[in-house]
Amino acid sequence: MSVNNKKVVILGAGLAGLSAAWHLQEKALDCSVFEKDHAVGGLCKSRKLKGFSFDCDGHLLHFRDKYIFRLVKRLLNGNIVSHKRSAWISNFGIFSPYPFQANLYSLPDNIGQECLLGFLKAVQSGERGALNFREWIDQSFGAGIARHFMLPYNDKFWTVPLEEMIYTWTGNFIPQPKPSEVIKGFFGKNKGRFGYNSEFWYPRSGGIEQLPLAFERGLKNVFKECKVDSVDLQRKELVARGKGKIKFDLLISTIPLPELAKILNPLPRRLSVAFNKLRWNSIFNLNIGVKRKCQPGRHWIYFPHKSTSFFRAGFFHNFSHSAAPAGKGAVYAEVAYSKRRPLDKKNITKRVIKDLVSSGILGRDNKISVLDINDIKYGYPVYDENYPEATAVIKEFLTGNDVISCGRYGSWRYMSMEDAMLDGKHAAEAVSNEKSA
Ligand SMILES: Cc1cc2nc3c(=O)[nH]c(=O)nc-3n(C[C@H](O)[C@H](O)[C@H](O)COP(=O)(O)OP(=O)(O)OC[C@H]3O[C@@H](n4cnc5c(N)ncnc54)[C@H](O)[C@@H]3O)c2cc1C
């Protein structure tokens, strides 16, 4: 068979699947994309309700890769605006600037001093080889920063004991300012740009789904409402709803690994054990259209303590004027949960609204126009002690069966939208190398 006659099938039309298809098409290679939902975008879908435009959860673009930056700008064709992050932390009855560790000046005096002294002690002790995420926090930031922000916030967010987590993923996601910057931030406002999200980009209008929609407009063979129900890797055949049996030579899967495990047939026992070891948290995100703009200029606020149901609240109307009708506000609040820490779904909406009022985000007189509930099953893959081995076993098996599993949930990594698009591009490159090998 000629290399170009090999049939490539992509599972999932989130950013990873769309990017894979886009980059294959750029190389003049055909593929078919099967998406279970009625629209493309995966987690990057948006919804219009009563004049408000909500993403399924706040989705802001960050760029480290010049190529992806240029691609996104080209796709969005001018419909994109940059913002300098205005992020805050609700603690000790005040909102202090994020990141906590670089802005100790903003804390009550005794807390700021405790944090700085703990940090200096940790620096003095040097590298001690942390055994888990909890120890890594203590050793990197010291006892005060750990106690007042890092431990409560991460426990609330990950929903598993932090001693059970590894910390290899932290590099890109948790800002680690230099000692000189922490000291500077103790004495006054720190102008440094910390972390991957100190600047972000967002569509001028239409919400984040403008990006997947732009990909889709340039693609052939994207089949929506076509859930893939089974994949036989020996016969290289899958069954997609409404399409029946489809043969393939190479498969790019971007669907969550636990979902792939359900449709792989047959699935060797060793693999089933590995898939069963994967852990994740889920995110319940409540979008709220309110009759008054709130928190002018602020993009999002972290809530580290258990007394508030959500770990973060954000403000779409401060990302884009089109997110809410004139004078109104589009707010979101995110609650993390998991099998380990289940959520009382019956009462959570009421509780979130109550907490938004008691934390001062919504005024008591702030009338709600609309609610939009997004219960995101796969939120963040949890990097626990089983993670390295389980993911290695799964990856080896899939690669050995001509499956490239990529994207946030296909590679099972804490990934941004940029990373997902890059992963899709790399999958397309691997296929094109295979085809020309
Ligand atoms: C709460 C939250 C907030 C986030 N905020 C940001 C942010 O601010 N900035 C940022 O850069 N990133 C953010 N991310 C990460 C970002 O959403 C992801 O990295 C990116 O969207 C992942 O794209 P993907 O294509 O890998 O996965 P997905 O978007 O999950 O796409 C997978 C697709 O597969 C489809 N599918 C599943 N099963 C099947 C099946 N059997 N058959 C066919 N199709 C199937 C799904 O419907 C879906 O469309 C956030 C993630 C979460 C959870």
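Author: An axis here is a line fitted to C-alpha atoms, for helices over the stretch in contact, and angles run from 0 to 180 degrees between N-to-C directions. The model is predicted: local features need pLDDT of at least 70, side-chain atom pairs count only at pLDDT 80 or more, and totals for chains, interfaces and linings use all residues. Numbering starts from 1 along each chain as its sequence is written. Helices (H or I, at least four residues) and strands (E, at least two) are DSSP runs, numbered from the N terminus.

Start with the helix pair. Helix α1 covers residues 15–26, and helix α6 covers residues 210–217. Their axes come within 10 Å and cross at roughly 30°. That makes α1 roughly parallel to α6 (under 35 degrees is roughly parallel, over 145 roughly antiparallel, 65 to 115 roughly perpendicular, the rest oblique). α1 passes α6 in a left-handed crossing, where the near helix is turned anticlockwise from the far one by less than a right angle; clockwise would be right-handed.

Which residues make the contact? From α1 come L15, L18, S19 and W22. From α6 come P212, F215 and E216. Contact means C-beta atoms, placed from the backbone, within 7 Å. By class, the residues of this contact are five nonpolar, one polar and one charged. Nonpolar means Ala, Val, Leu, Ile, Met, Phe, Trp, Tyr, Cys or Pro; charged means Asp, Glu, Lys or Arg; the others, Gly among them, are polar.

β1, β2 and β13 belong to an open sheet of five strands, ordered β9-β2-β1-β13-β19, with parallel pairing. Strands pair if DSSP finds at least two bridges between them. The edges of this sheet are β9 (222–223) and β19 (403–405), each pairing on one side only. At one end, β13 (residues 250–253) joins β19 over three bridges in the parallel sense. There, L251 stands opposite V403 of β19.

A second open sheet has three strands, ordered β10-β11-β12, with antiparallel pairing. β10 (228–232) and β12 (244–247) each have a single partner strand, so one side of each has no neighbour in the sheet. The twist averages 20° from one strand to the next. Strand β11 (residues 237–240) and β12 run antiparallel, joined by four bridges. V239 has K245 of β12 as its bridge partner.

Next, strand β6 (residues 87–91). On the parallel side, β6 pairs with β15 (residues 300–302) over three bridges. I89 is bridged to Y302 in β15. On the antiparallel side, four bridges join β6 to β7 (residues 94–97). N91 has I94 of β7 as its bridge partner. The hairpin of β6 and β7 has two residues between the strands, and F92 takes a positive phi near 55° there.

Finally, the domains. The bounds come from an automatic or database domain assignment. Domain 1 is 3–45 + 209–278 + 384–436, domain 2 is 46–60 + 80–85 + 197–203 + 280–381, and domain 3 is 100–183. The C-alpha centres of domain 1 and domain 2 are 30 Å apart. Their contact takes 12 residues from domain 1 and nine from domain 2. On the domain 1 side, the classes are eight nonpolar, one polar and three charged residues.

Notes
Two residues are in contact if their C-beta atoms, placed from the backbone, lie within 7 Å.
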